[in-house]
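Thank you all for coming.

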Amino acid sequence: MLIGTILRAKGSDVTTVPPEATVRELLARLAEHNIGAVVVSSDGTTITGIVSERDVVRHLHEHGAGVLDGPVSAIMTAEVRTVGLGDRVDELRKMMTTHRVRHMPVVEDGRLVGIVSIGDVVKSAIEELETEKASLVDYLHR
């Protein structure tokens, strides 16, 4: 299965925040959309970074509540791993496991076109297994 297949099923909406947004604004966006990470982008198409709930928790622990009024750029991950629409989901699964990331932006022609979470990857694996099971059951009953 390809990354593009996942995006066609779930949609390509990506929640972004500008680098100068406060961490407090970031938390409101995460809660509003019920998501665990957002892409940091000034224009919604280029990637400046990515920031997750884990980033917020770690920085709160290290630096205290003052982090909440600081910019997202201070806590984001600037070196963002990305995937393309034509990349394989099994390779993405390995990459997410190896690098311990739960959200991966999808880029096509240098532009942000979606985001895939570990939940999306697990869901696609379950769907593949169910399809394979149905095929095997059908084969056995012929």
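Which residues line the second largest pocket? They are Lys10, Asp13, Val14, Thr15, Asn34, Ile35, Gly36, Ala37, His103, Ile115 and Ser117. Before I go on, please keep in mind that this is a predicted model, in which local features need pLDDT of at least 70 and side-chain atom pairs count only at pLDDT 80 or more, while totals for chains, interfaces and linings use all residues. Residues are numbered from 1 along each chain as its sequence is written, and side-chain values use heavy atoms, with hydrogens and water left out.

By a pocket I mean, on a 1 Å grid over the protein atoms alone, an open set of points where a 1.4 Å probe fits, with protein on both sides within 12 Å along at least five of seven lines, and its lining residues have an atom within 4 Å of a point. The second largest pocket has a volume of about 250 Å³, a volume being the space filled by probe spheres set on the points, which are joined across faces, edges and corners. Its lining divides into four nonpolar, five polar and two charged residues, where Ala, Val, Leu, Ile, Met, Phe, Trp, Tyr, Cys and Pro count as nonpolar, Asp, Glu, Lys and Arg as charged, and the others, Gly among them, as polar.

The largest pocket holds about 480 Å³ of space, and of the 19 residues that line it, Ser52, Arg100, Val101, Arg102 and His103 are the closest to its centre. Helix α3 gives the most to this lining, with four residues; helices here are DSSP runs of H or I with at least four residues, strands are runs of E with at least two, and both are numbered from the N terminus. By class, the lining of the largest pocket has six nonpolar, five polar and eight charged residues.

Turning to helix α5, residues 118–140, its buried residues are Asp120, Val121 and Ser124, and these pack against α1, α4 and β5. Asp120 counts as buried because its relative accessibility is 16%, the cut-off being under 20% relative accessible area with a 1.4 Å probe and protein chains only. Leaving aside neighbours within four places in sequence, Asp120 is in contact, meaning heavy atoms within 4.5 Å, with Ile6, Lys10 and Ile115.

Finally, there is an open sheet of three strands in the order β1-β2-β3, with mixed pairing, where two strands pair if DSSP finds at least two bridges between them. Strands β1 and β2 run parallel and are joined by two bridges, and Thr16 stands opposite Val39 in β2.

How values were computed:
Buried means under 20% relative accessible area, exposed over 50%, partly exposed in between (1.4 Å probe, protein chains only).
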